[in-house]
Amino acid sequence: MPVEFLSDGEAAAYGRFSGAPSQAELERFFYLDDADRALIAERRGTHARLGFALQLTTARYVGRFLTDPLDVPDEVLVYLGEQLGIEDVSQIGQYTERRSTPFEHQDAIRKAYALKEFSQAEADFIAWASARAWNTGDGKKTIFYDGVTWLRTNKVLLPGVTTLARLVARVRDEATDRLYDTLREVLSPRQRVILEMLLEVPEGRRSSDLERWRKGPAAPSGRNLEKALELAAEILGVGLGAMPLPPEVPHRRMVDLARYGMQATATALRRHGPSRQLATLLATVIYLEGKAVDDCLEMLDLLVTTELVGKAETATDKERVRQHPKLAKHSATLAAAVETLLEVTEYGEELRLDQMWEAIDAIVPRRELREAVAAVTEMVPPPDVDADGEMRALLASRIATVSGFLKTLTTVIEFGANAEGARGDEAVAPAAGRP
């Protein structure tokens, strides 16, 4: 019988052979060890031993006993027959002539291998499936197939496909509804109204506030930073980010709800029931609070980089390029004078000062030398002066580009410190006279 989240093919393949096992599967699931052989040897008759081995390995491979124990690929019969020394595996047809024999063998296999019926483990399975659905939010099909693995790992024989599928669907829906109700209960009546209004389209606008909040800022500019700060103040004003959430709600579920809320249309969200709608909006707005703050800081960083630092560096570089020919000319003059000085002092004989000046004046007139020294001194800072001082001076002259936003930024965004920073702040507070 088809079920809601399994296709007809998937439901038909559940708990049965879907083609011949591979060689690796034959060796893993259908190999008979000493314990298997000892149990099989207790059966009388070739067909009984082969049938017992067939039911034992079938349960091991598909996780359950088949309604028709002979509904298996020929490759399985041949592989088991080779291990048991049975050449004519067609004798297996006699196995079901006595109707009670397959059921008696199933009971023996259950006892020998401690296999449990699903009814014995149903409560434990429900607890596992509920915790899985609550913590991960995985879909029904994923939980179904992982549930099959859980049952087989715990030596539980698989129930019918409809039984298991319907149970998984019910448990998963209950866990999801419980999540929605839990998140809805943390909201005050005022917050519920605010969130519901996010889906409405205000008069004179084309989109809802939620869609406007999700859109975020445009290209970085002073005006857009101002708009981003206004938007952040509007979102933060709802006060959801500072609200403590139930500790039992997994962070992953909040992330999944926010991801859906960022993509779903307002129309789609309005179609959901009250609990799911509010839970989704709660997670989405909490995410948007962080995104709005990040957008503001990122835009401020871009403005500082491009409008303040970038333009100051550009202006400094342009000035250096403009002065380069003049600097090169005067540097060449000074270099010629120093080169002459070095040459006349290399003869090894002592020269008077007036003789050295005479040699230099012959190459570079003293008036030009004074002009070169004055020009280079003006254009090149002394060695002990900060090389970036010029750029910093330009930064100071352009600080008004972003300073107007800083007061608004600190008003809208509450800045803090991480654990290490907080400890450092506590250590310096008394010295700084802070409480």
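1. A residue is called exposed here when its relative accessible area is over 50%, and buried when that area is under 20%. With those terms in hand, these notes go through a predicted model, in which 37% of the 435 residues of the chain count as buried.

2. On the overall make-up, the chain has 20 helices and 0 strands. Among its contacts between residues at least 6 apart in sequence, 76% join residues that are at least 24 apart.

3. Confidence deserves a word before the details. The average pLDDT of the chain is 82, and 78% of the residues score at least 70. Over residues 393–397, however, pLDDT stays under 50, and for this stretch the model has 6 contacts beyond four places in sequence. Where pLDDT is low, the predicted coordinates should not be read in detail.

4. Helix α3, which spans residues 34–41, has Asp36, Leu39 and Ile40 as its buried residues. These three cover an arc of only 100° around the axis, which puts them on the same side of α3. The face turned away from that buried side carries Asp34 and Ala41, both of them exposed. As for partners, the buried residues of α3 pack against α4 (46–62), α5 (74–84) and α6 (100–113). At the start of α3, a side-chain oxygen of Asp33 comes to within 3.1 Å of the backbone nitrogen of Ala35.

5. After α5 comes Gly85, with a positive phi near 70°.

6. The structure holds 11 aromatic pairs. In one of them, the ring centres of Phe5 and Phe144 are 5.8 Å apart and the planes stand at 70°, so the pair is edge-to-face, given that planes over 60 degrees apart count as such. Phe5 belongs to the segment before α1 (8–13), whereas Phe144 belongs to helix α8 (residues 140–153), so the pair ties together parts that are 139 residues apart in sequence. Together with Tyr14 and Tyr145, Phe5 and Phe144 form one aromatic cluster.

7. Asp209 is a charged residue to check: it lies in helix α11 (residues 209–215) and is buried, with a relative accessible area of 16%, which is under the 20% cut-off. Leaving aside neighbours within four places in sequence, Asp209 is in contact with Leu198, Glu200 and Pro202.

8. Glu234, in helix α12 (residues 222–236), counts as partly exposed at 33% relative accessibility. When neighbours within four places in sequence are left aside, Glu234 is in contact with Arg212 and Trp213. Glu234 and Ala292 are 58 residues apart in sequence, and their C-alpha atoms are 9.7 Å apart in space.

Methods: Residues are numbered from 1 along each chain as its sequence is written. This is a predicted model: local features need pLDDT of at least 70, side-chain atom pairs count only at pLDDT 80 or more; totals for chains, interfaces and linings use all residues. Side-chain values use heavy atoms; hydrogens and water are left out. Buried means under 20% relative accessible area, exposed over 50%, partly exposed in between (1.4 Å probe, protein chains only). Helices (H or I, at least four residues) and strands (E, at least two) are DSSP runs, numbered from the N terminus. The arc is that of the directions from the helix axis to the C-beta atoms. Contact means heavy atoms within 4.5 Å. A polar contact is a pair of N or O atoms within 3.5 Å; within protein, one must be able to donate a hydrogen and the other to accept it, and residues adjacent in sequence count only if both atoms are side-chain atoms. Rings of Phe, Tyr and Trp (its six-membered ring) pair if their centres lie within 6.5 Å; planes under 30 degrees apart count as stacked, over 60 as edge-to-face and the rest as tilted. pLDDT is the predictor's confidence in each residue, from 0 to 100.
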